[in-house]
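Me: I've got a structure to go through before setting anything up. Can you walk me through it?

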Amino acid sequence: MRLQGKVCIITGAASGIGRAASLLFAKEGAVVCACDVSQQALDKLVEEAKDLPGSIDPYVLDVTNREQVFKTVDEIANKYGKIDVLVNNAGITRDALLVKMSEQDWNAVINVNLTGVFNMTQAVAPHMMKTQKGSIINTSSVVGIYGNIGQTNYAATKGGVIAMTKTWAKELARKGAQIRVNAVAPGFIRTPMTEKVPEKVIEAVLSRTPLARMGEPEEVAYVYLFLASDESSYITGQVIGVDGGLTF
Ligand code: NAI
């Protein structure tokens, strides 16, 4: 098992890519501290994982709530004695063209996708610094590199996530620490997030995608798994595309 005994925090753990990753990590022997805003979805996840070799420890957590973030991370560190992996996967969209985007939609996406990643990493990093090791995985997007019509707020956060990844890869590896920080940039993945995307937009993207299909959540989860495991021990500061070839 590739994550035997590792304590892993996954945000946005109860749906889509986060759900697939939680189940895969538990299959590989991890203790998965599954954080999400939805209690009901977390209950379902726990039920689904009950026969897997690892475990799912659910936490109702809003990554924008700093007080709750620090309290929960400390609770996890006290309970398990260490934190090996953080997957900053929680994310939302509130799409609109630039001239129509409300300040509320701008702020909502910045708060979850950018400040949420900052909050979680700021709370977890000191625990990794104590053990001098760890792996942090940030979920970016192809949109954070190439932009996308109607996604000013989302693209800004996903580009920001790449910039934070590269900064933390440098900052957290000082004094010999083996704390790695990488980003994953998915293309179009079949999850509740993309259910709202109009069919003709999806068709246009697929016509430019060499593999000519949407990705499945498990195909992103396997990349999280590799980055979480010791198999990727010499990889840090990277952005790994999981997009069927859309952006090469
Ligand atoms: P999803 O909508 O299926 O799942 C997102 C999860 O995050 C949900 O369970 C939701 O309850 C949770 N969440 C939302 N706000 C939260 C908060 N404040 N605190 C904690 N949890 C919160 O989305 P999906 O598709 O699985 O996305 C996962 C990540 O992958 C996101 O960061 C998204 O931006 C990114 N991504 C997704 C792509 C796709 O095509 N589905 C493409 C590129 C990136």
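This is a predicted model: local features need pLDDT of at least 70, side-chain atom pairs count only at pLDDT 80 or more; totals for chains, interfaces and linings use all residues.

Me: Ligand first. Which residues come nearest?
Reply: S15, D36, N89, Y154 and T191 come nearest, out of 27 residues around the ligand.

Me: What polar atoms sit by the ligand's oxygens?
Reply: A polar side-chain atom of Y154 lies 2.6 Å from a ligand oxygen. A polar backbone atom of I17 is 2.8 Å from an oxygen atom of the ligand.

Me: And which residue has a backbone atom by a ligand nitrogen?
Reply: V63 does. A polar backbone atom there is 3.0 Å from the nitrogen. As for cover, the ligand has 830 Å² of accessible area on its own, and the protein covers 91% of that.

Me: Which helices supply the shell?
Reply: α1, α6 (152–171) and α7 (192–195) each supply at least two residues. α7 gives the most, with three.

Me: What does UniProt list as "binding site"?
Reply: An unreviewed UniProt entry lists N89, Y154, A155, A156, T157, K158 and I189 under that name.

Me: Take T157. Where is it, and is it buried or exposed?
Reply: T157 lies in helix α6. T157 counts as buried because its relative accessibility is 0%.

Me: What does T157 touch?
Reply: Beyond residues up to four places away in sequence, T157 touches V109, I110, N113 and L114. With N113 there is also a polar contact between side chains, at 3.4 Å.

Me: Which residues is I189 in contact with?
Reply: Leaving out neighbours within four places in sequence, they are I17, T194, M214, G215, E216, P217, V220 and V242. I17 also has the backbone atom at 2.8 Å from a ligand oxygen.

Me: Switching topic. Where does N182 sit?
Reply: N182 is in strand β6, residues 178–186. N182 is buried, because its relative accessibility is 0%.

Me: A buried Asn. What does its side chain reach?
Reply: The side chain of N182 reaches the backbone oxygen of I235 at 3.0 Å. A polar atom of that side chain also lies 2.9 Å from the backbone nitrogen of Q238.

Me: Now the packing. How many residues does the largest nonpolar core have?
Reply: The largest nonpolar core has 32 residues. F25, V32, I137, V184 and Y224 have the most contacts inside it. Elements giving two or more residues are β1 (7–11), α1 (16–27), β2 (31–36), α2 (39–48), β4 (85–88) and α9 (217–228).

Me: Which residues is V32 in contact with?
Reply: C8, I10, S22, F25, A26, S55, I56 and D57, leaving aside neighbours within four places in sequence. A second, separate core has 30 residues, including Y59, V73, I76 and A123.

Me: Why group nonpolar side chains like that?
Reply: In soluble globular proteins, nonpolar side chains tend to be buried together.

Me: Last one. What domain does the record give?
Reply: The unreviewed UniProt entry lists "domain: Ketoreductase" for residues 6–192. That span is 49% helix and 20% strand. Its end C-alpha atoms lie 28 Å apart.

Conventions:
Residues are numbered from 1 along each chain as its sequence is written. Side-chain values use heavy atoms; hydrogens and water are left out. A nonpolar core is a set of buried Ala, Val, Leu, Ile, Met, Phe, Trp, Tyr and Cys residues joined through side-chain atoms within 4.5 Å. Buried means under 20% relative accessible area, exposed over 50%, partly exposed in between (1.4 Å probe, protein chains only). Helices (H or I, at least four residues) and strands (E, at least two) are DSSP runs, numbered from the N terminus. Contact means heavy atoms within 4.5 Å. UniProt positions are given in the numbering used here, feature names are shortened, and annotations may be inferred rather than shown by experiment. A polar contact is a pair of N or O atoms within 3.5 Å; within protein, one must be able to donate a hydrogen and the other to accept it, and residues adjacent in sequence count only if both atoms are side-chain atoms. A residue is near a molecule or strand if one of its heavy atoms lies within 4 Å of it. Accessible areas come from the Shrake-Rupley method with a 1.4 Å probe; for residues, only the protein chains shown count as cover.
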